[in-house]
Amino acid sequence: MESIITLNDTLDTATFYGVNNQNILCLKNQHPNVRVVARGYQVKVTGAEDAIARFEHSLRRCEQFCIKNNTLSEPIILQLLHGEQPQETMHDHLILHGVNGKSIVARSVNQQRLVEAYEDNDLLFAIGPAGSGKTYTAIALAVRALKNREIKKIILSRPAVEAGEKLGFLPGDMKEKIDPYLQPLYDALQDMIPPAKLNEYLDRGVIQIAPLAFMRGRTLADAIVILDEAQNTTTAQLKMFLTRLGINGKMIITGDLTQIDLPAAQKSGLRDAIERLQDIRGIAIVEFNQKDIVRHPLVKQIVEAYTSPEGCKKVNVQKPGGL
């Protein structure tokens, strides 16, 4: 008889099948009584009914492991098929496994607070300095929800306002003008989703990355929506964005109130929203600080130098020696 097994569409098939299909060949070799042809998300299996059932059971075990850990190899397959539990890289405060099984974890107290607040709130504000992991943690939560089928889409957005530059002065068409503003979001996604799967999600619109202006008129249901660099929104822009929230949706707004690039006379929409919404049930505000900075050690000192009134005086300038 012949059976068609359909794989979970959250699975990255390139990782699952392995280089030159080595993983699926390994699996087939452990079940010599069936003939297997795999293409995309469908695996055609030919053989006796009981042999097909045993193969599908093995296939599903490998599939579940690969979805959870984003990695699969011949040694892992053999362990799974022999009833052993492969050694998983486990950490406290694990959010998900990224590309090649990399553990994406909440690395600071306030990152952990954001993960906890996510469970009980549909709208979250993550406020704090550069390098504190606000956006990275938010995107990790969104990718985990997508893998767990809790949502159907991830929508990532940023206002196209940076350090005095204007889109009209940048070269290229609209996409080429916008992409530099959105690159940090791509960088985080590339850490968490294998390239082929990420391209598939982008092509299908499962993951959408767009500037804030493209949000007008939409209702964002069954999705996690992340607005990054929200300190550069006006009050009207942020109100427009917040009112896009739909059924079974969550929003995470991130920003740094010390890096506002709006004209001096214009109040940040992020600051205004925090003042207005802080006491509403279902909305959480998590404030990050210098202790949460997880970039190069110098970044923490740079942030402290710019935020402390005595910052410049504390810097010990080493002049080069010479005659």
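**View 1. Helix α6 gives the largest share of the lining of the largest cavity, 3 residues.** This is a predicted model: local features need pLDDT of at least 70, side-chain atom pairs count only at pLDDT 80 or more, and totals for chains, interfaces and linings use all residues. Residues are numbered from 1 along each chain as its sequence is written, and side-chain values use heavy atoms, without hydrogens and water. A cavity is a set of points on a 1 Å grid over the protein atoms alone where a 1.4 Å probe fits but cannot get out; lining residues have an atom within 4 Å of a point. The largest cavity has a volume of about 120 Å³, the space filled by probe spheres set on the points. Its lining has 14 residues; Thr-10, Asn-70, Lys-147, Ile-193 and Lys-197 lie nearest the centre.

**View 2. Asn-110 sits in helix α5 (residues 109-120).** Helices (H or I, at least four residues) and strands (E, at least two) are DSSP runs, numbered from the N terminus. Asn-110 is buried, with a relative accessible area of 8%; buried means under 20% by a 1.4 Å probe, protein chains only. Leaving out residues up to four places away in sequence, Asn-110 touches Val-286, Glu-287, Phe-288, Asn-289 and Asp-292. Contact means heavy atoms within 4.5 Å.

**View 3. Three strands form an open sheet in the order β1-β3-β2, with antiparallel pairing.** β1 (2-6) and β2 (35-39) are the edge strands, each pairing on one side only. Two strands pair if DSSP finds at least two bridges between them. β2 and β3 (residues 42-46) pair over 5 bridges. Val-36 stands opposite Val-45 in β3.

Note on methods. On a 1 Å grid over the protein atoms alone, a cavity is a set of points where a 1.4 Å probe fits but cannot get out, and a pocket is an open set with protein on both sides within 12 Å along at least five of seven lines; lining residues have an atom within 4 Å of a point. Buried means under 20% relative accessible area, exposed over 50%, partly exposed in between (1.4 Å probe, protein chains only).
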